[in-house]
Amino acid sequence: FTRWFEIELGLEKLADLVLRYEDHGATASTIVGYFDGITTHFFAGNIHGTIVKPRGDNGFGFDMIFQPEGYNKTFAEMEPSEKTALSHRGKAFEQLKQFLIESKS
């Protein structure tokens, strides 16, 4: 739903909205579903972080206001390879990949 807030408010105002409160924590999540013909399997990837004032020029969406836990840079300040290594999407798809490998064994 972040996209709709970004479209309506812009990232600066979205960050300001969150920064009004004591807790600036956020979790970026992706859920991937796979239907094997019988059962639907779900795989979740999460990364915890903090909402900050917009910083950086790389990436898209909320990258400028999301600072991953344990880092002093936003996703938009990271090199693409650094961001990819932390990716919530990557985590979810890695779980799907492992599931498919194991199910073929």
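Predicted model: local features only at pLDDT ≥ 70, side-chain atom pairs only at ≥ 80, totals over all residues.
Visitor: How do you know that E1 is joined to E2?

Guide: Eleven bridges join E1 to E2, and the strands run antiparallel. Two strands pair if DSSP finds at least two bridges between them, so eleven bridges are enough to call E1 and E2 a pair. Residues are numbered from 1 along each chain as its sequence is written, and side-chain values use heavy atoms, with hydrogens and water left out.

Visitor: What counts as a helix or a strand here?

Guide: They are DSSP runs numbered from the N terminus: helices are H or I with at least four residues, and strands are E with at least two. By that rule the protein chain has four helices and three strands. From the N terminus on, the order is α-α-β-β-β-α-α.

Visitor: Why is Ala15 called buried?

Guide: Buried means under 20% relative accessible area, exposed means over 50%, and partly exposed is in between (with a 1.4 Å probe and protein chains only). Ala15 comes out at 0%, so Ala15 counts as buried. Across the protein chain, 27% of the 105 residues count as buried.

Visitor: And what makes Asp16 buried, exposed or partly exposed?

Guide: Asp16 lies in helix H2. Its relative accessibility is 28%, so Asp16 counts as partly exposed.

Visitor: How do you know that the buried residues of H2 are on the same side?

Guide: The buried ones include Leu11, Leu14 and Ala15. They cover an arc of only 95 degrees around the axis, so they sit on the same side of H2. That arc is taken from the directions that lead from the helix axis to the C-beta atoms. As background, an α-helix has 3.6 residues a turn, so residues three or four places apart point the same way. The buried residues of H2 pack against H1 and E2.

Visitor: What makes two residues a contact?

Guide: Their heavy atoms are within 4.5 Å. Leaving aside neighbours within four places in sequence, Ala15 is in contact with Ile51, Val52, Lys53, Pro54 and Ile65.

Visitor: Why is Ile47 called buried, and what is it in contact with?

Guide: Ile47 lies in strand E2, and at 8% relative accessibility it is under the cut-off, so it counts as buried. Leaving aside neighbours within four places in sequence, its contacts include Ala26, Thr27, Ala28, Phe66 and Phe75.

Visitor: What makes something a pocket?

Guide: A pocket is an open set of points with protein on both sides within 12 Å along at least five of seven lines, whereas a cavity is a set where a 1.4 Å probe fits but cannot get out; lining residues have an atom within 4 Å of a point. The largest pocket has a volume of about 300 Å³, where volume is the space filled by probe spheres set on points joined across faces, edges and corners. Of its 16 lining residues, the closest to the centre are Thr2, Ala26, Thr27, Ile51 and Phe62.

Visitor: Which element gives the most to that lining, and how do its residues divide?

Guide: E1 gives the most, with six residues. The lining as a whole divides into nine nonpolar, six polar and one charged. Ala, Val, Leu, Ile, Met, Phe, Trp, Tyr, Cys and Pro count as nonpolar, Asp, Glu, Lys and Arg as charged, and the others, Gly among them, as polar.

Notes
1 Å grid on protein atoms, 1.4 Å probe; cavity = no way out; pocket = protein on both sides within 12 Å on 5 of 7 lines; lining within 4 Å.
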